[in-house]
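Hi,

Here is the structure I said I would pass on.

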Amino acid sequence: MISGLRLVKDGHVPYVTAYEQLPEEMKLVGQEALFFHVETIPSHRSVHKEAQGLLLFLQLPAFPPVSQQTLLHPAPLCLRYLTDANLPGNTLTCRTQLVPQTDQLHRWVCVLMERADMADESCHTVDLASQPDLPAYDLQAAALLIVTMKVLFGLDDQTEWYLTRLNWIYQTRLVPRMTQRLWFCSTELFSFRKWYRLVQAALTRAQQRRNQDIARKQWKGKNVFFTNKRDKHFAIKKRRISESIQMCFKRLSSQPAAVQDAGPSSFLFCWGGEDGSNGSDGPGLHHLKLDGVVSLNRGFVTPWNFKYWHPPLRPCNPRTCSSHYGELEPTLPRSFVWLLQLFAFMLDVEAWRLFDAVLEVERRVFGVKSPQSGQQIEIEENAGKWRRRRTRTEKQTRTQS
Amino acid sequence: MDALDELLGPPVDLEDESDSSDNSSRKRHKSKLPLAKPLCAEGQTESGFHKTCRTCLEHIREAMLHHRWQEAAEYMVSYTQVLEDRNKGRALPNKELIWRISTEILHHLSHSTVKDYNIIYERMKHSGVKHYLMICLEHSFHLMLHGQIEGAKQQLSVAESWRHGKVSSSQHQRHKLIQAYRSLLDYMIWCDKKSTLSTNNFVFDSDNQAMHTYFRHASVNLQDILKNPGIWDPFILCYVEMLEFYGDNEEALKVLNDYAYDNSFPPNPNAQVYVYQFLKRHNAPEKKLIKVLRNLQILVPSHELMLEYSYLLLQSEKTSDTEKALGVLLEMLDFACWRSNLDVWTCLKAVTHQLLLREDGEMTVCKHMTLRKDWWPALHFTSFHAEKDREESSKLLEVKASLAEILCPGRALKYTADEMPT
């Protein structure tokens with residue numbers, strides 16, 4: 001489903017005009033034929049829900065285990081999203097050895113994954129006995145990425161820009177930073193500002209392209225769809241009128257407006273090469289180092305950012321309440337909202353779903369099963385380790401659902 | 001979801017597609033498959049197809065508003081699929097959209113040809129019933145504008161003979177319009193023939209015959225049209241011109257009088273003007289002219305013919321007419337458009353002088369000015385007006401100044417013919 005919906009939307013997988021694939025002998029007649037008349041591509045959410053329903057209804061046996069080599073596992077999936085979003089991550093290393101370099105983002109994602117108990121394959125493999133809920137793999141992976149970015153960059157509208165400025169100062173002066181920090185004098189540092197500018201420009205272009213593709217999408221197949229003889233007569237008449245007017249305008253417009261057929265691809269952006277050349281969206285930043293945001297502290301590589309923010313918790317009835325993103329959004333930092341929107345666009349889901357997934361990951365990281373009434377969580381950090389302190393005495397529970 | 005809606009939804013209006021005399025209700029064919037409850041009911045949200053059409057239309061609108069006609073044409077290529085929408089409620093508005101947008105884009109594209117227009121018009125005409133007559137009319141206008149009179153006429157003839165089911169009131173009105181414009185086209189062809197006749201030295205009988213045929217066609221239709229209440233100004237002028245050419249002045253006058261004085265017709269000052277112009281052309285007696293202009297004066301006191309009216313009244317022998325002339329002129333000058341007109345003021349001067357020669361002249365003038373003496377000084381006789389009139393014409397200044405005291409006695413007016421101290 002990860003890029004399945006996108007392939008359907010781009011027309012690489014027959015769905016809208018699937019009836020054209022039926023053999024000649026099979027004739028679609030009667031009102032039931034309308035099942036083949038498609039005018040909407042279902043949303044991510046509805047497909048997920050229906051899949052979940054089918055799973056229970058059909059009582060399917062356990063799915064093959066999702067190990068770290070499978071593409072559905074968060075580790076490789078995060079790497080894919082990193083690459084698509086032009087974030088630093090060394091593909092070769094991660095794929096084969098799973099011992100990425102110390103300065104790559106993917107390593108931090110894996111650390112977080114361990115912390116949230118999400119590295120284990122059993123929590124991703126669907127089994128009606130132990131794990132009946134179908135996980136939304138793409139949402140989980142994107143949420144992990146976002147939380148990692150939050151840890152490293154703060155994403156509170158201040159820290160990330162401050163770090164960028166600091167980097168720039170040190171870079172231009174080529175001065176070694178304070179003791180116990182890593183030495184550098186290369187210009188191969190990842191800069192949040194540079195990345196943001198690049199990706200924002202590409203995102204705007206991609207959004208416009210998507211909007212245009214929606215406007216130009218052709219929903220009617222080559223063969224006219226009809227359910228009975230009378231319907232056929234009117235349908236053919238309408239088709240003739242539509243076609244002749246279309247021909248007229250095709251002649252008048254210099255280029256016929258067709259949906260750009262770039263070939264099926266599971267990646268949304270194309271990074272590498274100069275801006276605009278070979279259809280690329282901009283220079284690739286995958287090789288850059290995160291030295292600007294991490295430091296060596298008592299032998300451990302630590303993020304320089306010590307702060308982490310979380311939206312306020314409140315008591316909720318999970319059965320009646322849906323997402324609170326709509327109310328919370330104006331209070332959230334803009335960088336965070338932008339990052340949510342970026343990944344929401346890449347996954348073609350609504351931003352609130354991604355937000356809920358992020359909250360879920362954070363819950364798993366902090367060891368809280370579900371939002372409970374009146375609970376306050378304070379977070380303290382100490383030299384690369386995370387500690388939890390609660391106001392009420394509670395057993396430490398593993399967040400395995 | 002749309003498929004299920006179509007299966008289960010209420011029967012929709014099919015008037016556009018089917019014969020309107022078919023009033024039998026459609027039988028609902030029950031589906032044989034058991035329908036499962038939809039797992040994910042997304043409510044009455046827009047379908048992907050409708051979203052595409054809506055987005056495309058927005059792009060087209062943006063492009064048209066910014067005069068990017070090429071871009072609009074490109075989007076139109078993708079928009080035509082909206083005609084195949086199975087939702088019958090949207091069929092009529094969609095057709096109208098396509099028709100109007102296409103013609104608008106064609107107007108502005110430099111390389112559009114008559115052939116393109118013909119394709120659009122023909123296709124959209126036959127796409128449904130409701131718009132047929134309007135599109136025919138527009139098509140013929142377009143051909144007329146491009147000088148293809150015969151083609152336009154042919155379009156209208158076809159439209160005239162077209163009938164579909166019961167004729168609704170709006171269709172009836174359009175039929176009338178089509179009839180009227182067809183007669184207009186007959187008249188234009190007649191005019192063409194007349195001008196060729198007058199240039200040729202030899203007049204063939206057949207040419208005369210042809211001309212007469214067109215005249216007959218046009219007059220029959222126009223007579224029919226003119227029975228209906230309405231504003232038919234261009235058509236009546238054509239008719240009268242044709243009748244005058246053939247010397248049938250009585251009929252022409254009758255037609256004009258009917259048009260002007262029939263109470264069922266909406267009040268139309270132009271009608272009186274046409275009668276007056278006709279009578280003047282045919283040297284009618286002054287009494288008749290005065291009678292026509294009197295009606296016009298009631299309708300439009302500030303009409304330009306009022307000047308002629310006052311001249312006529314001045315020249316007549318009846319004493320009461322002079323007083324009437326005064327009334328007419330004063331009413332004219334109530335309107336700002338005549339304020340600086342020398343002719344009006346000169347005429348007024350002549351009238352007042354004639355009146356003042358009589359005994360009760362002053363009283364008559366007073367009587368007419370009672371209603372006006374409060375606001376006329378501000379309207380005509382301030383020092384500002386004096387300056388302006390001096391710039392425009394010294395004669396005007398003189399005439400007005402002489403009248404100032406007569407019309408507004410006892411008021412200290414700053415309107416004088418003397419130079420103001422600068």
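**Salt bridges, cores and the interface**

B:Lys254 is partly exposed, with a relative accessible area of 48%; buried here means under 20% relative accessible area, exposed over 50%, and partly exposed in between (1.4 Å probe, protein chains only). Before I go on, this is a predicted model, where local features need pLDDT of at least 70 and side-chain atom pairs count only at pLDDT 80 or more, while totals for chains, interfaces and linings use all residues. Residues are numbered from 1 along each chain as its sequence is written, chains are lettered from A and ligands numbered from 1 in the order in which they are written, and side-chain values use heavy atoms, with hydrogens and water left out.

Back to B:Lys254: its side chain meets that of B:Asp258 in a salt bridge, 3.6 Å from N to O (a side-chain nitrogen of Lys or Arg within 4 Å of a carboxyl oxygen of Asp or Glu). The two sit four residues apart in helix α11 (residues 249-261) of chain B, so about one helical turn separates them. B:Asp258 is partly exposed too, at 40% relative accessible area. Helices (H or I, at least four residues) and strands (E, at least two) are DSSP runs, numbered from the N terminus. Chain B has 20 of the helices and zero strands.

Helix α19 (residues 383-392) of chain B holds another pair, B:Arg390 and B:Glu387, three residues apart. Their side chains meet at 3.2 Å, N to O. B:Arg390 is buried at 18%, whereas B:Glu387 is partly exposed at 35%.

Chain A has a pair that reaches across the sequence: A:Lys150 and A:Glu362 form a salt bridge at 2.7 Å, N to O. A:Lys150 is in helix α6 (residues 137-153) and A:Glu362 in helix α12 (residues 351-366), so the pair ties together parts that are 212 residues apart in sequence. Both residues are buried. Over all chains, the search finds 27 salt bridges.

Now for where the chains meet. How many residues does each chain bring to the contact? Chain B brings 53 and chain A 44, with contact meaning heavy atoms within 4.5 Å. Together they bury about 4600 Å², 59% of it on carbon and sulfur atoms; buried area is the accessible area (1.4 Å probe) that two parts lose on being put together, summed over both. On the chain B side, B:Val77, B:Glu84 and B:Arg86 lose the most area to chain A, together 15% of what that side buries. Three salt bridges cross this interface. A:Arg251 forms one with B:Asp116, the closest N and O atoms being 2.9 Å apart.

B:Cys56 is worth a click. This residue lies in helix α2 of chain B and is buried, with a relative accessible area of 1%. Leaving out residues up to four places away in sequence, B:Cys56 touches A:Ala215, B:Tyr75, B:Ser78 and B:Tyr79.

Last, the cores. A nonpolar core is a set of buried Ala, Val, Leu, Ile, Met, Phe, Trp, Tyr and Cys residues joined through side-chain atoms within 4.5 Å. The largest has 90 residues, and B:Trp232, B:Leu329 and B:Trp345 are among those with the most contacts inside it. Helix α8 (residues 169-199) of chain B gives the most to this core, eight residues. A second, separate core has 80 residues, including A:Tyr81 and A:Leu155.

Cheers
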